[in-house]
Amino acid sequence: MYDTPNTERDVDQKEIKIEARGVQVFYGTTHAIKDVDVDIEDKTVTAFIGPSGCGKSTFLRCLNRMNDTIDICRVEGKIEIDGDDIYDKRVDPVQLRAKVGMVFQKPNPFPKSIYDNIAYGPRIHGLAKTKADLDEIVEKSLRRGAIWDEVKDRLHAPGTGLSGGQQQRLCIARAVATEPEVLLMDEPCSALDPIATAQVEELIDELRENYSVVIVTHSMQQAARVSQKTAFFHLGNLVEFGETGKIFTNPEDSRTESYITGRIG
Amino acid sequence: MTDASMDNAAEGARRTISLYADDDLTRKRNAAEKRFQAYGIAAIAAGLFFLIVLLVSIVGSGVGAFQQTFITVPVYLDEAKLDKNGNRDVEDIKKVSTFGYNPLIEQAVFDKVTENGIATPLAKRGDMKALLSASAAAQVRDTVIANPDLIGQTVEFRILASSRVDGYLKGRVKREDVERDKNIDAEHLDLVDAFVASGVIQKQFNVDFILGADASESRPEQAGIGVAMLGSFFMMIVVLLLSLPIGVAASIYLEEFAPQNRWTDMIEVNISNLAAVPSIVFGILGLAVFIQFAHLPQSAPLVGGLVLTLMTLPTIIISTRASLKAVPPSIRDAALGVGASKMQAVFHHVLPLAMPGILTGTIIGLAQALGETAPLLLIGMVGYIATNYPGGIAEGFLSPNSAMPAQIYEWAKRADPAYYERAWGGIIILLVFLLTMNIIAIILRRRFERRW
Amino acid sequence: MPVLWLILIVLVIGAVGFVIGRQKALGSAGGDSRELHSLPTYYGSNVFMKVVVPALLLMVVWLVVQPLMIENTISKMIPDSEIDAGSNLGLVMAEVRRAAEGLDNAVAAGAISEDMARNARADFTDMTTRLKDAGQIVTSEITQPILAAAQQYRISTSRGSLLMTIAVIAVALAGLAWAYMQTHKDFRARNVVEQGVLAILISAASIAILTTIGIVLSLIGNTVAFADLYGVGLLVRELGHEEIARIVAADPELAAKLGQDYSDIEFGMEYYSGWARSWAGLADFFTNLDWAPSFSGRGGASSLGIIPLLWGTLYISVVALVVAVPIGLFAAVYLSEYASNRVRSFAKPMLEVLAGIPTIVYGLFALLTIGPILMSVFGDNTVGWMQGQRAVLTAGIAMGIMLIPFVSSLSDDIINAVPQAMRDGSYGLGATRSETIRQVVLPAALPGIVGAILLAASRAIGETMIVVLGAGAAARLSLNPFEAMTTVTAKIVSQLTGDSDFASPEALVAFALGMTLFLMTLGLNVFALYIVRKYREQYD
């Protein structure tokens, strides 16, 4: 379905959702991200690609301040979402994360029922007033996660009992349930088999309707299949950022070219 | 796949979150967060608070035991009383019991009253008795028997004051208490005050508390923990000599040679269960097997050591196995690769590399055994038994003795509050030993720890 | 010390064997050690092993079996008339052993000659006076049969020792000869020695099983003895004196067996079967609501019900857990989820210091610090709830403090085993730390934490010194935490360290208490370890 990079893809200029300027990240004394500027658009899938250890996941985790949970990590520069600086003192990272959801590399359902997995976010953020509201949110999120039909009869079975691909879609549904505006995905398919991967990729394309999606991926084919914009990271630098079609067919930087043709990796 | 109409409906209802303005819910959640964190801090603080209270009460109540009140007086060793025949024959001198010495000592103290011009209603020599420890006469008598030539001379003695006087100087005995006390009166305390002013009565460091023997219930001022310390020492020797080789042998077998079978499984289950059996049950075992069945002597450090060995073996086996497991398989492969037998690989390569870990575990096991009390009570290491120094190594293992924690328990049981101070003091000594052992273990671990 | 000498002799033979074995092996290879199958040391070790191991094994077995056999023969020499009412064979045999020891000492001191000590027809009065003069008889008067038994005991013991010495040395020499014959350059000495070492390792590992067997046997044997003695006392008391007299009068066979003077207990032992006696004893032990041991010798009837002791044990343990679990759990949560490295590296070892402090210290702390503090708050001068310093609360708080590090380090391990991905998932949804901990981490860790709490409970139930010093001595079934109560462990200590006769139900009940305690803690541990293991597997 998405086997070839689609150069004629819809590339209209859209509203900018996240604006990052001069971002530097340090782990202790290691300089992990060096002066990165990037604009991420709304209702677009943006892919971060690059060799292992290039800083793409680190940068992704800056966007919802997940790096705060690591003691030795320090972030400099400015990241704005809808014009609000997320590293401002007034910003509560907890609220930020409700607005910028995240899906992880390995499916990580909580050891609770499927229903409780989805309801967890809405509950802590107070999104449902009644049980009926909550039921509705759960159903809607599971539908958006494209997993409703598979689990609707066993909502109270443990989430850990699902298959890997189902678990990951459950995690996406769980992230969607808090009504975020941005969805961050850190290699969401790396632990899945090809069929499950195809299902998740299809889902990502649908999510683009409503969200700004940022996906970190190891697989260039995947980036080409699902994203409209692509950013190539190398050794902590953002080497090149632009339309996915252009990056894959006509990269400006020689390093990008080497990477996508398989010479560095 | 997705329900499009539902999505669009949701679109309109999407909540817009401003990152800067806190809403009520966020404030509530953040308050809950603060509260939760405060519980955690409170828990840590409570733990540390208990530790501090514990240490303060140990040190505060126990440090007094290292000081004792002494009366320094010149005693005239009257020949007419102590050696009527005048031939300095030790056998004759021995016939004079402590009762013969008491008047001389009391007289010496009484002379000090006159000498210092202290005004006191206590006009008789015999009134001085309340100031003196009952052990004073024995102390003087022992000196005289050891050196009969002193008879006829005036010799300066440092004599233990009675526990009431000691308690008065340490603030344990209050003036309002002595009204009901038949051992001492307020006049005596006035006299003590005067003596303290003139330097006759002084608190001094008391080495006999650390090195001495236990004393009878009525003489707390004389009691020391030294003999019980020896008892603990002999027990630890037994524990070390038995538990280290047996523990290492058992661990080597289980870790390196044991096939996966039911016998091995049974041993493993047994070890992990024995590690959690209450120590008193080991005391029952010791009583039934070593004393009832094998007729080993009661209260002997040898038996205590055997019981503690059985108790610490599981601990030592568990830590030894962990150290053996930490040696990477590549070492074994390397040895086997040059043609060593499995036994040689283990004894020449694995065991030496695991040794620091094994020693650390053993020291910690020994420290645990050193502080254990309950099983010792059941094999008879309780009561007034730590009274004589063992005469030799064999006697050290076999003759009845106490152990430090059992001695502390014995003191804590006695009625005289003067013994409580001794019990706390004993705890200080016990903790110093435990601390030293743990520090040695930590140093060993730091110095020799290897990361593979 | 003949045993020590014997060991030394065997070791010397072994050392000699080592040297000559090594030399013979080298000799057979013409002095070139490369010709040998194994290193020369192994040939020496082979000889040493075959000398020492069988000889010492024989010695150990002999030392265990000989006293049993002698005891058996000697006890047949003692007529029933020597066993007074209220006494038993065991006590008389102890008397015999003491007398024999007295004879030994008297011979050593030169008060009597060896011949005289052995002569069974020696004048009894003369002998006792001499023994008394030598200061060797301190206990009650010795009777003629006891002295005779003591003399026989001495003779058998020394004969046995002599035989043992000969046998052990003979075995050692036989081992030497056998191993020496084997020694040849093609002999696989290393394999044989390694087999031997492996056998030693296996036996060391099996000590754990022996210990368990020892515990179980010593508990079961004495528990049965207790149930029997206690049960028969209950049964005959229920029958009453007149009823017993009637039964004996009606049954000539029984009357003939019992003879003229019989006590109620002797009647009960004949009249009831062992099962009936034990059953009656155990049933009362587990159901009686009263714990009131009579002082032995006064003939009063003891009431030995475990329930009040169990109640005290459980009550104090619950108080301890109420103190330890919240503090330990919150401390663990804080240390693993919030604390900075500096705080952790300071607070964690500090809390663990609490775990390294011996229980006697906590006992003293309960008695002399916590008790007085509680008295000043709840005592007569204020609200008057507390009568004495020893109370459930006193012991419970001290025990709780002791358990804090136990709970916190176990929970710490368990909380750290919850995968980080789980936390990330929750943070990624915008949960705060406390929400993550309460709703994700703790539920995930719950089985492990329950296991940890059960382990702590088992510790609390088995703890002795704190309750001996802090809880009091009176058994009580009460809900008031300010009252003194007592526990199973405290009663084990007091029943076995008191001066009651070892063969009385009042002393033997300690073994029944120990058995109950052992089974309870064992059950808790097995269950807790099972839960913890299951939990670990979930995340491995």
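Hi everyone, let me start inside chain B: across the interface of its domain 1 and domain 2, the rule finds 3 residue pairs in polar contact, both residues at pLDDT 80 or more. A polar contact is a pair of N or O atoms within 3.5 Å; within protein, one must be able to donate a hydrogen and the other to accept it, and residues adjacent in sequence count only if both atoms are side-chain atoms. As for pLDDT, that is the predictor's confidence in each residue, from 0 to 100.

Some ground rules before we go on. This is a predicted model, in which local features need pLDDT of at least 70, side-chain atom pairs count only at pLDDT 80 or more, and totals for chains, interfaces and linings use all residues, while side-chain values use heavy atoms, with hydrogens and water left out. Residues are numbered from 1 along each chain as its sequence is written, and chains are lettered from A and ligands numbered from 1 in the order in which they are written.

Back to chain B. Domain 1 covers 67-205 and domain 2 covers 226-448, with bounds that come from an automatic or database domain assignment. Their centres, taken over C-alpha atoms, are 46 Å apart. Where do they touch? On the domain 1 side, 6 residues are in contact with 5 residues of domain 2, contact meaning heavy atoms within 4.5 Å.

Together the two domains bury about 350 Å², 32% of it on carbon and sulfur atoms. Buried area here is the accessible area (1.4 Å probe) that two parts lose on being put together, summed over both. In domain 1, Gln68(B), Lys170(B) and Arg172(B) lose the most area to domain 2, together 77% of what that side buries.

How many salt bridges are there between these two domains? The count is 2, a salt bridge being a side-chain nitrogen of Lys or Arg within 4 Å of a carboxyl oxygen of Asp or Glu. Glu421(B) and Arg172(B) form a salt bridge through their side chains, at 3.2 Å from N to O. Helix H7 of chain B (residues 163-169) gives the most to the domain 1 side, with 3 residues. Helices (H or I, at least four residues) and strands (E, at least two) are DSSP runs, numbered from the N terminus.

Next slide: chain B against chain C. Here 71 residues of chain B and 80 residues of chain C take part in the contact. The area buried between the chains is about 6400 Å², and carbon and sulfur atoms give 81% of that.

The rule finds 1 salt bridge across this interface. That pairing joins the side chains of Arg29(B) and Glu435(C), at 2.7 Å from N to O. Helix H2 of chain B (residues 24-62) gives the most to the chain B side, with 20 residues. On that side we have 55 nonpolar, 14 polar and 2 charged residues. For the groups, Ala, Val, Leu, Ile, Met, Phe, Trp, Tyr, Cys and Pro count as nonpolar, Asp, Glu, Lys and Arg as charged, and the others, Gly among them, as polar.

Last, confidence. The model scores ipTM 0.89 and pTM 0.85. Chain B has a mean pLDDT of 86, with 95% of its residues at 70 or more; for chain C the mean is 85, with 93% at 70 or more. Which stretch of chain B has pLDDT under 50? Residues 1-13 do, and helix H1 of chain B (residues 4-13) has the lowest mean among the elements of that chain, 42.
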